[in-house]
Amino acid sequence: MSFRFPGGNADAPHPSRRRFVQGLAAGGTLAAFGLVPRPGWALKGAGPADVLGGTEFDLRIGETLVNFTGRTRPAATVNGSLPAPTLRWREGTTVNLRVTNALPHGSIFGHHTSIHWHGILLPANMDGVPGLSFNGIAPGETFLYRFDVRQAGTYWYHSHSGFQEQAGLYGALIIDPAEPDPLRCDRDYVVLLTDWTDLDPNALLRRLKKMPGHDNYSKRTVGDFLRDARRDGLAATLADRRMWGAMRMTPTDLSDVNANTYTYLMNGTTSLGNWTGLFRSGEKVRLRFINGSAMTYFDVRIPGLKMTVVAADGQPVHPVTVDEFRIAVAETFDVIVEPGGQDAFTIFAQDMGRTGYVSGTLATREGLRAPVPELDPRPILTMADMGHGGMDHGSHGAGATDRPTPGMGAMAGMDHSMHGMDHGGGAMPSHPASENGNPLVDMQTMAPVPKLDDPGIGLRGNGRKVLTYGMLRSTFDDPDGRDPGRTIELHLTGHMEKFAWSFDGIPFADAEPLRLNYGERLRITLVNDTMMTHPIHLHGLWSDIEDERGDFLVRKHTVDMPPGSRRSYRVRADALGRWAYHCHLLYHMETGMFREVRVEE
Ligand SMILES: [Cu+2]
């Protein structure tokens with residue numbers, strides 16, 4: 001047969017073994033004696049991080065031994081803790097944060113360090129991005145971050161140096177509003193979701209470069225083929241398979257790294273450790289979900305409970321009640337739940353590719369558990385997901401499915417369109433000239449749409465009400481009010497097999513800064529020309545997402561871009577200086593999906 005499933009990897013671990021290893025240890029930071037725990041030993045330190053409040057903070061970045069899988073490994077930590085301490089600020093105060101680099105000489109996490117305050121408005125020299133904001137923090141040095149707190153809500157902080165964020169250097173940031181919080185609840189918990197690997201992150205990147213398909217060995221089987229052929233007919237099935245082969249990828253490649261490599265953590269604890277938030281029946285509980293992962297999107301639900309989403313990326317939204325939400329890397333969502341009628345509820349966060357999960361519990365006392373759901377079926381990417389389908393764009397939402405539609409058969413032009421040659425069809429989008437013939441660009445989307453009402457791959461028609469961007473509405477009007485004076489269009493580009501990522505086919509190393517004029521209101525339109533999701537984060541300035549009509553929808557700091565999507569947001573260039581603008585998938589950022597944004601007078 002002429003189709004193929006590329007990217008085979010004979011050395012991938014067997015899933016059942018992996019499932020056993022995953023979360024073997026409850027996890028946590030070890031005492032400084034180099035003590036090695038017995039497998040399954042629930043460490044005292046596991047669970048919520050320390051909470052530090054006030055305006056004066058001393059944060060010491062170092063290396064600490066941890067054990068999440070049964071093996072002891074070094075992590076990058078703050079004050080010896082993974083996650084880093086939760087910081088609690090108050091709007092209207094000035095914070096002083098003294099950050100000391102205490103990484104040991106020769107640390108695998110590098111010499112320099114930094115902390116970036118994600119989603120926080122501040123002067124550019126306080127933003128913590130080495131090379132743009134400052135030079136980074138040298139070994140033994142202490143850097144004083146000092147700035148006024150001008151906002152409230154749920155945020156997070158993390159290293160912006162090398163792979164320290166992957167290795168544990170992240171923590172929650174909660175800012176209490178200057179006025180009494182209208183969302184005040186009986187209980188208030190951070191739920192910080194992250195992905196841990198025992199691998200040296202440098203080695204993980206080397207593997208991604210050499211074998212980008214390593215973690216996606218679960219190719220579709222002959223059985224799948226026969227089932228599809230029975231249902232869709234042999235010709236359509238063959239065409240579908242050929243098309244995927246031509247794209248040098250498999251329809252299950254939803255993320256570059258998954259639970260075959262990662263152990264997922266909730267507040268620094270594996271599922272075995274079972275992070276638990278206590279409640280009494282009838283109480284209102286606020287859960288501040290933060291995705292502090294390097295690479296992992298999570299789909300979150302609490303079986304038996306409705307979740308009322310009240311804030312996105314720290315900013316209040318009109319309450320919307322859902323059963324489930326997808327949280328992109330670097331996003332935050334605040335939800336309110338009112339548990340009752342039973343003693344325990346499972347907080348279930350499965351990864352987007354359904355290769356693993358992390359769970360915790362809301363319970364009336366420690367030690368209780370509720371049933372943990374099975375992983376959902378593995379979702380199959382369709383051509384419509386990549387903005388190539390055309391047929392079913394109108395059918396997003398509850399009724400749509402993830403299965404290929406008959407429209408998929410019309411992929412004869414696929415090979416050509418992937419190489420940027422526009423064949424007919426008046427609605428072809430324009431692509432930047434820098435994508436043409438570019439060896440770092442392996443495909444282009446031909447019919448990108450905003451997909452604001454689409455729950456996303458693997459979440460359509462699952463019988464649950466799933467949050468979409470279209471449901472998020474800021475509680476305030478467009479804070480600027482001016483129409484954008486101009487539009488900058490940028491395409492998210494990449495080459496899967498080379499593991500090369502960029503904007504407009506130009507990696508950071510070769511790119512000119514994007515120049516914004518101080519005070520201007522402009523529109524950024526992103527088009528995702530790749531088959532991966534990318535959470536795009538602009539430092540220092542808000543991203544005010546527009547709906548399909550161009551009206552203000554919701555204020556965010558991180559904009560999720562599903563494959564084949566086109567989304568626009570407004571930016572007010574009201575902060576001078578040099579800012580980072582990048583995909584928040586760590587290995588995409590590191591390999592080039594990054595731009596400097598310069599706001600100039
Ligand atoms: Cu990316």
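Strand 9 (residues 170-176) is mostly covered, as seven of its seven residues are buried, where buried means under 20% relative accessible area, exposed over 50% and partly exposed in between, with a 1.4 Å probe and protein chains only. The strands and helices named here are DSSP runs numbered from the N terminus, with at least two residues (E) for a strand and at least four (H or I) for a helix. This is a predicted model, in which local features need pLDDT of at least 70 and side-chain atom pairs count only at pLDDT 80 or more, while totals for chains, interfaces and linings use all residues. Residues are numbered from 1 along each chain as its sequence is written, and side-chain values use heavy atoms, with hydrogens and water left out.

**The sheet around strand 9**

- Strand 4 (residues 84-90) runs parallel to strand 9 and is joined to it by five bridges; two strands count as paired if DSSP finds at least two bridges between them.
- Along this pairing, Leu-87 stands opposite Leu-173 in strand 9, and Arg-90 stands opposite Asp-176 in strand 9.
- Strand 8 (residues 153-158) pairs with strand 9 in the antiparallel sense over six bridges, and here Gly-153 stands opposite Ile-175 in strand 9.
- These strands belong to an open sheet of five strands with mixed pairing, in the order 1-4-9-8-6.
- Strand 1 (51-53) and strand 6 (116-118) stand at the edges of this sheet, each with a single partner strand, so one side of each is left without a neighbour in the sheet.
- Neighbouring strands of this sheet are turned by 25° against each other on average, direction ignored; the axes are lines fitted to C-alpha atoms, for helices over the stretch in contact, and angles run from 0 to 180 degrees between N-to-C directions.

- Within it, strand 19 (residues 344-351) and strand 20 (residues 357-363) run antiparallel and are joined by seven bridges, with Gln-350 standing opposite Tyr-357 in strand 20.

- Strand 27 (residues 552-556) is largely enclosed by the rest of the structure, because five of its five residues are buried.
- Strand 26 (residues 543-546) pairs with strand 27 in the antiparallel sense over four bridges, and Asp-544 stands opposite Arg-555 in strand 27.
- Five residues lie between the two strands of this hairpin, in which Gly-550 takes a positive phi near 90°.

**The copper site**

- The copper ion has His-534 (ND1), Cys-583 (SG) and His-588 (ND1) as its protein donors, lying 2.0 to 2.1 Å from it; donors are N, O and S atoms within 2.8 Å of the metal (3.2 Å for Na, K and Ca), and since water is not among the atoms, sites may look incomplete.
- Along the chain, the donors of the copper ion follow the spacing H-x48-C-x4-H.
- Distant parts of the chain are linked by the pair of His-534 in strand 25 (residues 534-538) and His-588 in helix 6 (residues 586-590), which are 54 residues apart.
- Both of these histidines, His-534 and His-588, are buried.

**Cysteines**

- Cys-583 counts as buried at 0% relative accessibility, and Cys-185 is buried with a relative accessible area of 18%.
- The count of disulfides comes to zero, where a disulfide is a pair of cysteine sulfur atoms within 2.5 Å.
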